[in-house]
Amino acid sequence: MSQSSLLALHGGPKAVTATRPPHHRWGAAELARLTAMVDQPSLFYWKGPQTDALLAEFRRTYPLQWCMPCSSGTAALHIAVAALQFPPGSEIITSPVTDMGSVIGILYQQLVPVFADIDPHTYNLDPAAIRRAITPKTKAIMVVHLAGNPSDMTAILALAREHHLAVIEDCAQSWGAAHRGRAVGLFGDLACYSFNEFKHVSCGDGGIVGTNDQRFGPTLAKWGDKHYDRVAGGRNPEALSPNYRLSEPQAAVAAAQLTKLDAIVAAHIRLGSRLLSHLRALALPGVALPAIDPRDTHSFWFCLLRLDPAAFRCPRDEFVAALQAEGVAAQAGYIPKPVYGYPLFQNHNFFGGGWPLRDAGLTTMDYRTVRCPAAEALLATGISLPISPALTDEIVDQTAAAIAKVARHFAA
Ligand SMILES: Cc1ncc(COP(=O)(O)O)c(C=O)c1O
């Protein structure tokens with residue numbers, strides 16, 4: 001074995017030697033907006049100039065007539081679900097490979113998340129699995145564009161039309177992604193985005209929900225603002241809504257970030273595509289790359305690979321430890337298990353230690369019996385590689401070399 005092929009885990013040289021140059025996510029644009037904000041008499045969102053700026057910037061990419069900036073992606077999704085006003089016990093089909101934020105609002109609205117399996121190659125909801133999950137109680141599909149890879153909205157919209165289902169798009173991970181040339185979020189009835197710390201664009205924490213549908217649009221703000229009617233004025237709520245407002249300081253940062261959205265997304269796409277094209281050229285046996293429809297734009301929030309366990313002499317976690325030792329910021333899987341596998345779901349511990357919806361006979365769902373084999377396999381065999389404008393071409397090139405080094409070392 002040559003010295004350079006000796007794993008760093010075993011005392012060899014690291015494959016990734018390039019250092020990250022300093023990268024500042026916040027700068028002059030954020031400072032200018034925050035400075036303007038300090039001069040304002042009010043930091044309240046309603047009619048706030050920073051909120052207006054945020055909406056104008058957002059609509060450059062996402063021309064949605066009604067939007068509610070809010071405190072998180074979770075809040076955006078909760079507002080979207082609430083605005084649909086489904087009766088308790090109604091079912092919303094979604095992916096088991098997602099953040100808790102996708103399902104929290106469904107549960108709070110006394111609805112039932114139904115987990116359909118993913119496509120093993122795109123890692124997004126499999127339209128055939130959605131079809132199998134539809135029951136007379138199904139009212140909506142919540143699509144999650146995982147890692148920035150657009151879901152098959154053409155197939156999903158056809159299914160939704162056939163069964164008269166609403167479609168919510170969870171675009172938290174997919175800023176800048178496009179299906180057939182059209183931005184994700186513009187396909188479904190309601191679109192939700194996150195500005196949390198880790199997303200393409202961030203204000204620390206924040207989110208936005210939008211729609212072009214006049215049935216829900218005018219109510220979005222109320223569903224995120226205690227159901228107060230800021231247009232007519234006065235407090236006379238006719239429904240139960242949390243306070244999910246985004247304040248002006250956060251809107252200022254989010255607005256500034258959105259002025260850079262195109263450049264940030266372009267960097268993610270360039271670096272993610274570069275990594276994938278190296279890995280495609282290397283054609284490492286047992287390393288599966290994400291499937292991306294050539295007509296779509298994957299905006300590479302991160303890059304998720306899969307290992308074929310039969311192709312390697314080590315468990316996935318040892319492979320990841322070897323990559324980390326080589327200097328790659330790899331992580332095992334994405335979430336530790338499918339969402340339905342969390343103790344919360346396994347124990348149906350939603351409200352006061354139980355699930356009043358089930359006690360009332362409004363659902364028979366038992367999450368202990370749910371199985372989504374493709375989702376389980378992905379999370380057991382996946383490796384995530386973060387992609388960000390903080391990376392350089394050299395780091396990406398060395399990352400691909402590190403993956404090849406580790407894969408060849410452990411090849412069965
Ligand atoms: C797919 C997805 N949906 C929803 C959320 C929730 O967003 P937030 O953290 O802003 O509440 C996240 C955040 O990680 C996410 O990745």
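How far is a nitrogen atom of the ligand from an N or O atom in the side chain of Asp-170?

Tutor: The distance between that nitrogen atom of the ligand and an N or O atom in the side chain of Asp-170 is 2.6 Å, which is a polar contact (a pair of N or O atoms within 3.5 Å). Please keep in mind that this is a predicted model, in which local features need pLDDT of at least 70 and side-chain atom pairs count only at pLDDT 80 or more, while totals for chains, interfaces and linings use all residues. Residues are numbered from 1 along each chain as its sequence is written, and side-chain values use heavy atoms, with hydrogens and water left out.

Oxygen atoms of the ligand come into the picture as well: one is 2.8 Å from an N or O atom in the side chain of Gln-173, and an oxygen atom of the ligand is also found 2.9 Å from an N or O atom in the side chain of Asn-196. Of the 390 Å² of accessible area that the ligand has on its own, the protein covers 91% (Shrake-Rupley method, 1.4 Å probe).

Asp-170 is also among the closest of the 15 residues that surround the ligand, together with Gly-73, Thr-74, Ser-194 and Lys-199 (a heavy atom within 4 Å). Helix 3, residues 73-84, gives the most to this shell, with 3 residues (a helix is a DSSP run of H or I, at least four residues, numbered from the N terminus). Sorted by class, the shell around the ligand holds 9 polar, 3 nonpolar and 3 charged residues, where Asp, Glu, Lys and Arg count as charged, Ala, Val, Leu, Ile, Met, Phe, Trp, Tyr, Cys and Pro as nonpolar, and the others, Gly among them, as polar.

Note on methods: A polar contact is a pair of N or O atoms within 3.5 Å; within protein, one must be able to donate a hydrogen and the other to accept it, and residues adjacent in sequence count only if both atoms are side-chain atoms. Helices (H or I, at least four residues) and strands (E, at least two) are DSSP runs, numbered from the N terminus.
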